[in-house]
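Hi everyone, thanks for coming. Could we get the sequence and model up on the screen, please?

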2 protein chains.
Amino acid sequence: MQVKEVLLLLTDHWADWEASYAIAEINSSEKYSVKTISVDNIPKTSIGGLRAEIDYTIKQFNRFDSLAMLILPGGFSWGEHSYQEVADFIEKIHEAGVPIAAICGATIFLAKHGFLDHTKHTGDEYDYFMEQLKGQDYKGQTNFVSTQLVADNGFITANETSALEFAREIFHVLDLDTGDEIDAWYEKFKHGMMR
Amino acid sequence: MQVKEVLLLLTDHWADWEASYAIAEINSSEKYSVKTISVDNIPKTSIGGLRAEIDYTIKQFNRFDSLAMLILPGGFSWGEHSYQEVADFIEKIHEAGVPIAAICGATIFLAKHGFLDHTKHTGDEYDYFMEQLKGQDYKGQTNFVSTQLVADNGFITANETSALEFAREIFHVLDLDTGDEIDAWYEKFKHGMMR
């Protein structure tokens with residue numbers, strides 16, 4: 001069986017927790033191997049102060065035929081840079097039919113670059129993007145909890161508090177386990193070990 | 001104001017998610033800086049495949065007067081190695097009165113080396129340690145959820161599904177924010193952004 005790669009695209013001040021559950025499970029599977037990628041090969045420091053080494057640069061990467069997914073964790077850099085080369089890379093991956101999973105600031109980046117224009121959104125999710133894009137504070141809505149995550153048209157998007165839901169959706173798309181196993185994993189981590 | 005250091009002790013196959021929430025918030029505070037430490041200065045690869053660079057080796061570290069806490073994430077190595085030098089380092093830090101926070105496999109490591117003998121445990125927590133030490137499967141008890149975390153005698157311990165509760169307790173011990181702010185942070189990440 002060919003091991004497929006899942007790329008984790010790191011930027012400066014990437015958010016430690018957002019893709020943490022997802023990559024730990026994915027990389028533990030025999031089907032997949034997680035690799036880091038960035039605009040250059042300088043280690044990228046997380047919000048928590050971890051310097052993570054980089055496996056591939058965007059320019060050098062050409063293993064699209066063995067690529068299973070691109071994951072974009074959030075972080076403080078997404079709002080500060082235009083990252084046109086990242087947008088071009090995402091475009092190329094999307095056109096190759098490879099799913100892309102983004103959380104937090106990376107979701108706003110996708111919206112800014114028009115990648116989410118043709119995806120379905122719940123009203124809340126769309127409003128949330130728009131408020132973020134306008135740089136305004138979002139006024140919470142009580143029913144947003146159920147719409148923390150949207151998966152559609154090759155994109156999975158989630159907000160910063162949804163690391164577990166983000167991971168669960170990624171596992172479904174990657175067919176990492178059976179649906180029951182994925183549900184059991186989620187319940188365990190959402191509600192505690194011994195429930 | 002002197003910035004105090006919080007050490008994250010990394011071992012091979014450290015668990016990506018377990019200390020992720022904690023270090024992101026701690027390192028965002030003006031009061032603290034997170035640094036990585038290990039038995040040597042070779043980058044340590046997480047379960048998820050991230051290679052994190054190491055700031056200090058245990059042998060070289062001597063900045064105990066500006067040390068605020070030692071955090072031990074779990075991972076696959078704790079059960080495979082005796083890590084006597086790590087146990088000696090923990091002993092030194094504990095004697096200096098610096099709090100130590102351990103989760104998952106690192107908690108079992110502390111128990112094995114006798115660090116938790118004089119801490120209070122709930123019956124469930126103690127039974128859980130003992131079962132792990134005997135290498136037996138733990139038969140879940142429905143009331144274990146409320147005892148997922150124990151903080152006592154300079155040690156904070158938690159199980160692998162309690163990354164958020166682990167972080168919350170660490171924030172209290174480090175006086176990172178007011179109690180209300182810490183509670184609000186926890187509620188947001190436990191139950192979703194817009195609740």
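**A covered helix, a sheet and a helix pair**

Let's begin in chain B: in α3(B), the buried residues are B:Gly105, B:Ala106, B:Thr107, B:Ile108, B:Phe109, B:Leu110 and B:Ala111, where buried means 20 or more other C-beta atoms, placed from the backbone, within 10 Å of a residue's own. So 7 of the 8 residues of this helix, residues 105-112, are buried. Just after α3(B) comes B:Gly114, with a positive phi of about 80°.

A quick word on what we're looking at: this is a predicted model, in which local features need pLDDT of at least 70, side-chain atom pairs count only at pLDDT 80 or more, and totals for chains, interfaces and linings use all residues. Residues are numbered from 1 along each chain as its sequence is written, with chains lettered from A and ligands numbered from 1 in the order written. Helices (H or I, at least four residues) and strands (E, at least two) are DSSP runs, numbered from the N terminus.

Now the strands of chain B. β1(B), residues 4-9, pairs in parallel with β6(B), residues 67-72, over 4 bridges; pairing takes at least two DSSP bridges. B:Val6 has B:Met69 as its bridge partner. β6(B) also runs parallel to β7(B), residues 100-103, through 3 bridges, and B:Leu72 partners B:Ala102 there.

Finally, chain A. The axes of α1(A), residues 20-28, and α5(A), residues 163-174, come within 7 Å and cross at roughly 35°. These axes are lines fitted to C-alpha atoms over the stretch in contact, with angles from 0 to 180 degrees between N-to-C directions. Thanks, all!

Notes:
A residue is buried if 20 or more other C-beta atoms lie within 10 Å of its own, exposed if 12 or fewer, and partly exposed in between; C-beta atoms are placed from the backbone.
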